[in-house]
Amino acid sequence: MMKLTRSLVRALALATLGLAATAAQAHSFKLGAIEIGHPYARATAPGQPSGGGYLSLSNAGANDRLVSASAEVSKSVELHTMSMEGDVMRMRQVDAIEVPAGKKVELKPGGLHMMFIGLKAPLKQGDTFPLKLKFEKAGEVTVQVSVEVPDTSHKH
Ligand SMILES: [Cu+2]
């Protein structure tokens, strides 16, 4: 009885380690022909109402569109684009983000991004949280977002 329990515990511990290692090394997700690379969010200060989320979308299949995103960490997740209006960078909500066939689309600071609106708690560096992405054709996938501190030298 004791022996069985101990080996079970060891097996569970090894399985957990294996999963953690895989997540840290790869940190990309697949949904059919679409690969979702390095989903991350910026760490936020206490009281900050919203935060930015970023990832890359590589599409080896037919034209598709990212139509919505949702996460437990905030009331809603909006898809945003940034553009210059005169001398000012402004962001505005878009209905969908096009993911053309054979292309890689980057959601990154200063460009297309996700916005976690109405954060329930600050996003802390090192935390991860699930994010559900919905594509028009490929359907839905849940990815793990890692919370990172903004680093201007770190190109995504
Ligand atoms: Cu935004």
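This is a short walk through one predicted chain, from its overall layout to a few single residues.

Two points on reading it come before the details. Residues are numbered from 1 along each chain, as its sequence is written. Since this is a predicted model, local features need a pLDDT of at least 70 and side-chain atom pairs count only at pLDDT 80 or more, while totals for chains, interfaces and linings use all residues.

Confidence comes first. pLDDT is the predictor's confidence in each residue, from 0 to 100. The chain averages 87, and 79% of the residues score at least 70. Over residues 17-25 the pLDDT is below 50, and beyond near neighbours in sequence this stretch has one contact in the model. A contact here means that the C-beta atoms of two residues, placed from the backbone, lie within 7 Å. Where pLDDT is low, the predicted coordinates should not be read in detail.

Now the layout. The chain has one helix and eleven strands. Both are DSSP runs numbered from the N terminus, with helices being H or I of at least four residues and strands being E of at least two. Along the sequence the pattern reads α-β-β-β-β-β-β-β-β-β-β-β. Among contacts between residues at least 6 apart in sequence, 68% join residues at least 24 apart.

Next, how some of the strands pair. Two strands pair if DSSP finds at least two bridges between them. Strand 1, residues 28-31, runs antiparallel to strand 2, with four bridges joining them. Leu-31 stands opposite Ile-34 in strand 2. The two strands form a hairpin with two residues between them, and Gly-32 in the turn has a positive phi of about 60°.

Strand 4 has a pairing with strand 7 and another with strand 10. Three bridges join strand 4 to strand 7, and the two run antiparallel; here Leu-66 stands opposite Ile-97. Five bridges join strand 4 to strand 10, again antiparallel, and Ser-68 stands opposite Lys-134 in strand 10.

What about the interior? Buried residues make up 22% of the 156 residues in the chain. A residue is buried if 20 or more other C-beta atoms lie within 10 Å of its own, exposed if 12 or fewer, and partly exposed in between, with C-beta atoms placed from the backbone. A nonpolar core is a set of buried Ala, Val, Leu, Ile, Met, Phe, Trp, Tyr and Cys residues joined through C-beta atoms within 7 Å.

Which residues touch the most other members of the largest nonpolar core? They are Leu-66 and Leu-133, out of 26 residues in that core. The elements that give two or more residues to this core include strand 2 (34-42), strand 4 (64-71), strand 10 (128-135) and strand 11 (139-148). Strand 2 gives the most, with four residues. Leaving aside residues up to four places away in sequence, Leu-133 touches Ile-36, Leu-66, Ala-69, Glu-140, Val-141 and Val-143.

Tyr-54 counts as buried because it has 21 other C-beta atoms within 10 Å. Tyr-54 and Leu-112 are 58 residues apart in sequence, yet their C-alpha atoms are 8.2 Å apart in space.

Gly-51 is in strand 3 too. Is Gly-51 buried or exposed? Gly-51 has 20 C-beta neighbours inside 10 Å, so it counts as buried. Not counting residues up to four places away in sequence, Gly-51 touches Ala-41, Arg-42, Thr-44, Phe-116, Leu-119 and Leu-123.

His-38 is found in strand 2. Its phi is near 40°, a positive value in a residue other than glycine. With 17 C-beta neighbours inside 10 Å, His-38 counts as partly exposed.

Strand 11 supplies the last pair. Gly-139 is found there, and it is exposed because 12 other C-beta atoms lie within 10 Å. Gly-139 and Leu-66 are 73 residues apart in sequence and 9.3 Å apart in space, C-alpha to C-alpha. Val-145 is in strand 11 as well, but it is buried, with 24 C-beta neighbours inside 10 Å. With residues up to four places away in sequence left out, Val-145 touches Pro-39, Tyr-40, Ala-41, Gly-53, Thr-128, Phe-129 and Leu-131. The C-alpha atoms of Val-145 and Ala-71, 74 residues apart along the chain, are separated by 9.8 Å.
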